[in-house]
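My notes follow the order in which I checked them.

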Amino acid sequence: NLRQTIPVTVTSYDTPVTTEIVLTSVSCARYVPDSSTAGTVNTIPFGTSAPSALTTLFTSNNGGNSGGVVYFDVVPAQNLFVTGFDLNTGVAAGLPISVDVWYRSGTHAGNEGSPSGWVARTVAHGVSAGLDLPSRVDLNEPLLLGTSTTGMALVARNFGHRYTNGNGSNQTYSDANVTLNLGSATNAPFSGSPFSPRVANVTMRYRTDTSTWTNQLYQTILRKEQIGAAGPITGLAFAPASTGRHWNRELRIRLSPVPAGHTLSTTFASNLPSPVTVLHKWDYSWEVTADVWNEIGLTDAFPYDGTSDLVVEVFARGNHNTADAGFHRGDGTVPRVFAYGFGFGAVPAVATSSDNAGQRIRVGFHCAAASEYGTACGPLVAGHSGSGARGLTFRYTVANAVPK
């Protein structure tokens, strides 16, 4: 029996980039079901792709050099996740763009001339829409902000920012959840005297911590007749409705045997008499492909006894999808209990809802699979070809890496 996790690290000029591929091979059995990904789309438990947005303006009268930076402050009224931006670029429509996202505790003002105090958080990728049009970039890893002032620096890797000269009346934008205080610019990251005031032409996309689908706790049950014979469960697969990337601030999956015929209780703990954690990760990114089974990437196997029903619990905090839709659910006969809309630290003990609209889940015993997990801090893009099954060629591919 072989289950192997292979870490791969590529070092760029800036930051080491780490991702993983998971290979599971030898004899394979799959259940519940093997091929069908049918079903309507659901936002439980992995959320939706529709974040909130706050826009400044997209009528530029100035701009910076390629590789330049725009700075501004974010002041949330409640905890929130920044998931991406729309930017105004000085390059032609259709060209790929990348942005390094830096942040600091406290204001950006007076701190543009040095990297001291700034933290390189993540990179964002997108495609230019052209001058004075919003070019969307999605953060590889969303940024969780509290209610204090946070300075932001968006470093353009391969384009120049377009922005607007500040005149006092155009330098503050707010909604019920967050305020943006604009801002300044430099032609190189954290060096030279800043141009100020400068109003970054941005839309900040975000999710509040307590928005409906951000944090969810979900349990469903698989019957022994569906699972099959005893053996180590090494994979769980879900079927997303679109291609993209799913991210969680925290993702935990636990499995527990229960007596055959068990009815799910709305008290979560009652459904987990012997829980085994098969995945528990922070800042977890999972690349998904539409309308096929996608392994979520278990780190530990579950010893299934062949006689019990099986409860599957998914605890998903900070849900974010770059794709347009959620995941396929079942045919209306899959029991589930769940809670949603709670704060990051307020995990409920009792489900707020229950029905039979649970997700289809494919259970795997020793099935070959390869997927990408994790994100790059720079322009690197990782991928693979082949399934990872014995006797077949498998290649791990890396593109756009910067040699050191």
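Predicted model: local features only at pLDDT ≥ 70, side-chain atom pairs only at ≥ 80, totals over all residues.

**Entry 1: salt bridges**

I searched the whole structure and got 12 salt bridges.

I looked up the partner of Arg136 and found Asp138, with the closest N and O atoms 3.4 Å apart. Asp138 has 16% relative accessibility, so I logged this residue as buried.

Next I checked Arg252. Its salt bridge goes to Glu313, with 3.1 Å between the closest N and O atoms. This pair links distant parts of the chain: Arg252 sits in strand 21 and Glu313 in strand 25, 61 residues apart. Arg252 counts as buried at 18%. Glu313 also counts as buried, at 2%.

Then I took Asp283 and Arg121, which meet at 3.6 Å, N to O. I logged Asp283 as partly exposed at 21%. Arg121 is partly exposed at 22%.

I followed the links from there. A network of salt bridges joins Arg121, Glu141, Arg249 and Asp283.

I traced an open sheet of four antiparallel strands, in the order 3-30-20-23. Strands 3 and 23 stand at the edges with a single partner strand each, so one side of each has no neighbour in the sheet. Three bridges join strand 3 to strand 30. I found Arg30 opposite Gly364 of strand 30.

Definitions and conventions: Residues numbered from 1 in each chain as written. Heavy atoms only, no water. Pairing = 2+ DSSP bridges. Helix = DSSP H or I, 4+ residues; strand = E, 2+ residues; numbered from the N terminus. Salt bridge = Lys/Arg side-chain N within 4 Å of Asp/Glu carboxyl O. Buried < 20%, exposed > 50% of the residue type's maximum accessible area, 1.4 Å probe, protein only.
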